[in-house]
Each structure stands twice: as structure tokens, then as C-alpha cells.
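Hi,

Here is the structure I promised to pass on. Have a look at it first, and my notes follow below.

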Amino acid sequence: MVYRHGMATVFAPLPPVLAATTTGDDFPVRRVFCIGQNYAAHAAEMGAAPQAGAERAPPFFFTKWNEAVVPTGSTIAYPQGTTNYHFEAELVVAIGKAGRDIAVSEALSHVWGYGVGLDMTRRDLQSQSKAAGRPWDWGKNVEQSAPLGPLTPAADFDPTKGAIGLSVNGEQRQSGDLDDQIWPVADLIAYLSTYYTLQPGDLIYTGTPSGVGPVVVGDRLVATIAGLTPLEVTVGPEAV
């Protein structure tokens with residue numbers, strides 16, 4: 001429903017953010033949720049030590065604007081305010097059916113598809129926020145910081161296992177397996193749905209394996225997950 005108060009808008013509304021799919025259709029992006037420290041080895045390299053299995057701590061999330069999502073083949077600008085911009089390769093879950101308080105056993109039925117994503121991070125700003133006990137927003141929620149490859153329909157992909165990795169200029173930098181996730185996809189959906197009513201168009205970035213590191217202008221990043229279309233982006237100069 002649209003509520004109109006005036007004769008016209010003050011400025012032109014932004015167009016919808018549409019993610020590509022392997023079916024040729026567009027997937028309208030609504031919200032972007034990201035989980036932190038969902039792989040033990042990455043948590044360790046960040047100075048934390050979450051536990052897996054029965055001892056695992058509750059997951060925590062941060063968000064990004066939907067406009068941070070950009071397609072494979074993009075040149076993403078090196079953002080202002082940082083000298084330590086990091087890559088994080090991630091499995092991305094695309095929600096296709098609304099729900100709240102979703103049971104783990106029903107969670108995957110709410111998924112439209114899966115894709116390869118990057119959670120680009122101003123690591124120096126994130127570290128400052130951590131040290132001060134403040135939110136991570138300015139380290140994580142950055143323009144063009146959520147690149148996303150084409151989404152594959154859920155029926156054609158198993159999110160519980162498979163190699164995930166990332167190379168920079170042809171050199172392998174990240175390597176892991178989806179089976180290493182502390183909170184698997186179904187568990188993440190169920191948990192998140194106890195705090196938000198998930199809606200079609202929501203994306204969930206599910207965490208990254210170890211090996212994250214900085215990029216410089218000109219770097220070519222290729223993120224891969226077995227069974228999904230790879231994601232490729234190039235780091236460009238700071239936008240003006």
C-alpha cells in the first residue's frame with residue numbers, strides 16, 4: 001500500500017535492487033542480514049573463539065543496505081575512511097517465502113536460492129568499533145560492499161557442504177567448506193526468524209572461512225562455492 005500526501009515526490013525514488021539468477025529472472029532484494037564469526041577458524045583469526053556443537057554461543061547479526069548489493073563483473077570502489085579494506089567470501093541465502101518463528105525442520109522451505117557473495121569490510125573501522133564496544137555499522141555497511149553472484153534455485157544446491165574459497169589476482173587466499181559453519185543455514189534462518197519476520201527478498205550472508213585480508217586498487221577477486229556460479233569483482237579507485 002502506498003500512502004500519498006503530496007502531488008509529487010521531492011526527488012526521484014531509487015530504483016529497486018535486482019539480483020541476477022541462473023533462471024534469467026530478477027530477484028528483488030529487500031534486506032541484507034549478515035552473521036558474524038560463523039566459522040571457528042575465521043573467528044580465531046579475528047581474536048575470538050566461539051564454540052561449535054552443543055557449546056556454541058547464540059549467533060549475532062549486522063545489516064547492510066540493499067543498495068550495497070552489486071552484481072558479478074562489477075568494479076567496486078575502494079571506500080573512503082579506510083586503509084584496510086578486507087574481503088570475506090560467503091554463501092548467501094535468498095529468502096523466497098515469508099515466515100516468523102520458523103522451525104529448523106521447515107527453514108529450508110523458505111529459501112528461493114543460493115549465491116556466492118562478498119562481505120567487504122573496512123577492517124580498521126570495525127576494529128575501532130569493537131575496541132569501543134560500539135556497533136560495526138561504519139565498518140560493514142558500505143556502498144558496494146555486498147557483491148553477489150547469480151542466485152541458483154534452492155532445488156539445485158545443497159547448502160550443508162561444499163568447498164568455498166577466494167582468490168586475489170589468481171592467488172588462493174581463502175579455502176574452507178560449508179560444513180565448517182558453526183550455525184548451518186537452516187539453524188540461521190530459524191534463529192533469525194525469532195527476531196524478524198523474514199520476507200521474500202531478504203538475503204542472509206552466512207559468514208566466511210579463515211584467510212581474510214586486505215585489497216588494493218586493481219585487485220581482481222574471484223569467490224567460489226562448489227555448485228554455484230562464481231563471483232568476480234575488481235577493486236577500483238575511491239568514488240568521487
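**What I found**

The largest pocket has a volume of about 160 Å³. Before going on, please keep in mind that this is a predicted model, where local features need pLDDT of at least 70, side-chain atom pairs count only at pLDDT 80 or more, and totals for chains, interfaces and linings use all residues. Residues are numbered from 1 along each chain as its sequence is written, and side-chain values use heavy atoms, with hydrogens and water left out.

Back to the pocket. On a 1 Å grid over the protein atoms alone, a pocket is an open set of points where a 1.4 Å probe fits, with protein on both sides within 12 Å along at least five of seven lines, and lining residues have an atom within 4 Å of a point. Grid points are joined across faces, edges and corners, and the volume is the space filled by probe spheres set on the points. The lining consists of Leu 14, Pro 15, Pro 16, Val 17, Leu 18, Asn 66 and Glu 67. By class that gives five nonpolar, one polar and one charged residues (Ala, Val, Leu, Ile, Met, Phe, Trp, Tyr, Cys and Pro count as nonpolar, Asp, Glu, Lys and Arg as charged, the others, Gly among them, as polar).

One of those lining residues, Val 17, sits in the segment before strand E1 (18-20). Strands (E, at least two residues) and helices (H or I, at least four) are DSSP runs, numbered from the N terminus. Val 17 is buried, at 15% relative accessible area (buried is under 20%, exposed over 50%, partly exposed in between, with a 1.4 Å probe and protein chains only). What does Val 17 touch, not counting residues up to four places away in sequence? Phe 27, Pro 28, Val 29, Asn 66, Glu 67 and Val 69, where contact means heavy atoms within 4.5 Å. Pro 28 is 11 residues from Val 17 in sequence, and their C-alpha atoms are 5.8 Å apart.

Next, strand E8 (residues 111-118), which has seven of its eight residues buried. E8 pairs antiparallel with strand E7 (residues 89-95) over seven bridges (two strands pair if DSSP finds at least two bridges between them), and Ala 89 stands opposite Leu 118 there. E8 also runs antiparallel to strand E10 (residues 152-153), joined by two bridges, with Gly 113 facing Pro 153.

There are eight aromatic pairs in the structure (rings of Phe, Tyr and Trp, taking its six-membered ring, with centres within 6.5 Å; planes under 30 degrees apart are stacked, over 60 edge-to-face, the rest tilted). One of them is tilted: Tyr 114 and Phe 157, at 5.3 Å centre to centre and 50° between the planes. Tyr 114 lies in E8 and Phe 157 in the loop between E10 and E11, so this pair ties together parts 43 residues apart in sequence. Tyr 114 is buried at 2%, and Phe 157 is buried too, at 10%.

Elsewhere, strand E15 (residues 220-225) pairs antiparallel with strand E11 (residues 163-168) over five bridges, and with strand E16 (residues 231-236) over four. In the E15 and E16 hairpin, five residues lie between the strands, and Gly 227 has a positive phi near 95°.

Cheers
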